[in-house]
Amino acid sequence: MSESIGPPSGRHAIPAEYKRLFALVIGVNKYSNTAIPSLQGAVPDAEAVVDYLRTKLQVPTDHVRCLLDDSATRAAIIDQFLQMQKDTRIEAGDPILVYYAGHGGEAKPPSTWPETSDIQTLIPHDFGTTVDGQTVHGIPDYTLGALLSRLAETKGDNITVILDCCHSGSGTRTTDADSTRLGRGVNVPDTLSNGLDESILSQGLSGGTRHAEIASGFLRRGLRSHVLLAACGSKEVAMEEQRRGVFTVALLRTLSTVGAHQVTYRDLLRQMYALPGQNPQCEGYFQDRILFNTKLSASRPFHSVRRDATAYTLEAGSINGVTLDSRYAVYNTRDGPALGISPLAYLRVSEVHPAESTLVTISDQPVFVLGLGQSAYALQTEAGTDQYLQLYVTEDERRSFLLHARTDHAQNGLVSRSAIFRLVEKTSADLEVTMDTSAMQFTMLHPLIATRGLQRLPFPVDLSSDDVYETLHAASRFFWHLKRTSPQPSLQQQVRIEFRRLREVPAEDEFDDPIYEPYGPDLNVAGTVDLIVDDDAMYGITLINETHIPLYPSLFYFGSSDLSITSYFEPPTAGTARVDPPLEPNGTLPIGYGSAGAAPYNYYLWKDQQLDVGFLKLFLSTEYVDLLHVAQGSPFHGDYRGARMVPSLSRALLWDTSLVTIVQRARPAGGE
């Protein structure tokens with residue numbers, strides 16, 4: 001067993017839930033097929049992961065399944081997934097880790113498939129041999145996805161998958177000077193058989209969810225079933241040096257330093273040191289959960305501040321939603337707010353650029369000095385120009401409203417003094433507020449929504465201060481992100497958004513696991529989709545890039561009735577450097593369908609509603625931008641907020657937005 005990495009740290013108390021963690025750890029150095037070069041570090045990596053689980057996280061020994069070299073056959077790997085699905089010790093929501101170190105590869109799809117692009121695979125120990133008269137193939141990504149979906153269906157979506165391999169087909173020594181420097185990808189012929197893994201793929205999924213999120217039966221499909229940490233980008237090579245994988249070494253070292261219970265998947269990669277030639281990637285709907293935990297991290301944007309020659313610079317700009325005159329509390333450590341440490345100073349935004357902003361001191365604040373080259377960290381505390389929620393309240397109710405809508409509110413040790421609303425005339429308002437003795441009611445006035453027919457929101461708010469504040473705060477964020485656009489539009493008209501109904505791929509494709517494709521006309525007509533609500537309908541979205549520029553899209557659904565903002569698509573997260581652009585030049589990106597494990601969408605009405613209005617908002621940029629902070633839960637059903645770091649951008653960034661209205665109508669009485 002490998003020596004564990006890093007000294008134990010007394011400040012990292014082990015959460016009790018880690019003793020409920022179950023793991024499948026796989027490491028393959030040696031292959032039966034002599035055409036596949038041996039590795040040196042995959043088995044030591046797997047042993048180090050097992051050691052970390054047992055010694056650092058105190059995971060019980062019998063919770064860890066380990067397959068090394070000749071025990072890591074194709075059949076054994078698949079069987080261990082099925083055994084975990086049946087394991088009565090694993091309860092719904094328990095953390096599950098699947099780790100693989102070894103070669104990755106690519107295979108040609110079965111001959112009956114309509115698509116011809118290569119499929120990524122994991123290479124088991126017995127790849128290319130003959131077992132029971134059948135050639136042993138790699139494990140395709142779609143089979144792995146189906147196994148994870150089945151596991152999530154019975155055990156919950158608290159699943160982490162870590163792959164220290166690549167699919168670039170470069171599994172040979174990269175230099176004669178270092179015989180231990182090897183790539184973990186092979187280029188060996190493999191055409192997948194028709195009907196391969198049919199017994200796995202043909203098992204249907206049960207369950208479902210509603211609202212404008214995921215169609216029934218797809219709650220834990222694809223990247224909603226798990227979070228994936230991959231060693232490198234799709235065109236890079238996962239390397240090992242000195243008989244260890246460079247990604248796994250960096251991962252375990254970082255975990256030992258920061259503590260798994262104190263970091264999210266997204267931030268874990270950012271805290272790893274840079275790996276030459278490798279940019280680890282994080283994908284999945286739950287990237288902002290704490291590691292091995294269903295707990296969501298705080299999602300309030302936390303930006304770096306630096307001192308230039310003549311000014312302080314906030315490493316966030318208009319793409320992040322920064323506006324003139326907004327104010328920020330500055331800390332010398334990113335843990336300051338959580339630890340209850342007082343800010344060093346409050347600074348005001350005096351200039352806004354696409355990727356950064358200029359900060360100036362405020363006259364009534366203490367003198368703040370940051371040395372050249374030093375960094376600090378900032379959280380917004382007061383709204384800036386255009387960020388205020390515009391409210392209309394009648395003169396008779398204004399005094400009562402202001403009494404309940406207090407704006408001093410403590411969040412994670414930081415008092416937010418943000419004046420989040422302004423009282424305005426009815427013709428300029430976003431919302432109208434009416435009150436009775438026990439509740440506050442909201443009516444839509446913003447023309448984007450009101451002219452479509454949605455008026456009173458279906459959720460009254462109890463007149464407790466916290467409830468009122470949370471609702472007003474969520475409403476201010478909802479309208480600000482809905483309305484804001486790029487000050488220099490450049491991309492909006494060059495990326496099309498198609499919205500179509502989906503149907504199941506015909507069964508002659510040799511497997512029964514549901515894959516869907518769009519059919520019929522594009523329902524996005526002049527920026528509006530008008531739907532009759534149908535519980536059985538499923539919809540998908542296609543982004544079409546008509547530029548010669550690779551783009552990073554982020555797509556959100558704004559639910560007007562409950563003020564929620566749901567992430568439909570975000571680019572994968574990487575470490576300290578490059579993230580692969582999801583939308584290639586003159587390319588397309590399917591969202592909600594296709595072979596990449598996406599989940600279709602459906603739309604419905606709240607109780608007693610005849611009509612609802614929502615919006616698809618697309619953010620486009622020429623660099624990776626972390627926009628997860630845009631998303632929010634409904635204040636009527638619960639929300640999560642707090643602070644986390646957001647990476648800096650270059651000044652050359654271009655960004656833009658595009659908006660599609662989704663009108664959802666009840667079926668007319670007597671209609672089919």
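User: In this predicted model, what makes the approach of the His-125 side chain to the backbone oxygen of Lys-30 a polar contact?

Analyst: The side chain of His-125 reaches that backbone oxygen of Lys-30 at 2.7 Å.

User: Why is His-125 called buried?

Analyst: The relative accessible area of His-125 is 12%. Buried means under 20%, so His-125 belongs to the buried class.

User: Where does His-125 lie, and which residues does it touch?

Analyst: His-125 lies in the loop between β5 (119-122) and β6 (130-131). Not counting residues up to four places away in sequence, His-125 touches Lys-30, Tyr-31, Asp-69 and Asp-70, among others.

User: Why does Arg-243 count as partly exposed?

Analyst: Its relative accessibility is 44%. Buried is under 20% and exposed is over 50%, with partly exposed in between; Arg-243 at 44% therefore counts as partly exposed. The residue is placed in the loop between β12 (239-241) and β13 (244-245).

User: Why is Asp-608 called exposed?

Analyst: Asp-608 has 71% relative accessibility. Exposed means over 50%, so Asp-608 is classed as exposed.

User: Where is Asp-608 placed, and what is its phi?

Analyst: Asp-608 is in the loop between β35 (588-591) and β36 (611-621). Its phi is positive, about 70°, although Asp-608 is not a glycine.

Definitions and conventions:
Residues numbered from 1 in each chain as written. Predicted model: local features only at pLDDT ≥ 70, side-chain atom pairs only at ≥ 80, totals over all residues. Heavy atoms only, no water. Helix = DSSP H or I, 4+ residues; strand = E, 2+ residues; numbered from the N terminus. Buried < 20%, exposed > 50% of the residue type's maximum accessible area, 1.4 Å probe, protein only. Polar contact = N/O pair within 3.5 Å; in protein donor to acceptor, adjacent residues only side chain to side chain. Contact = heavy atoms within 4.5 Å.
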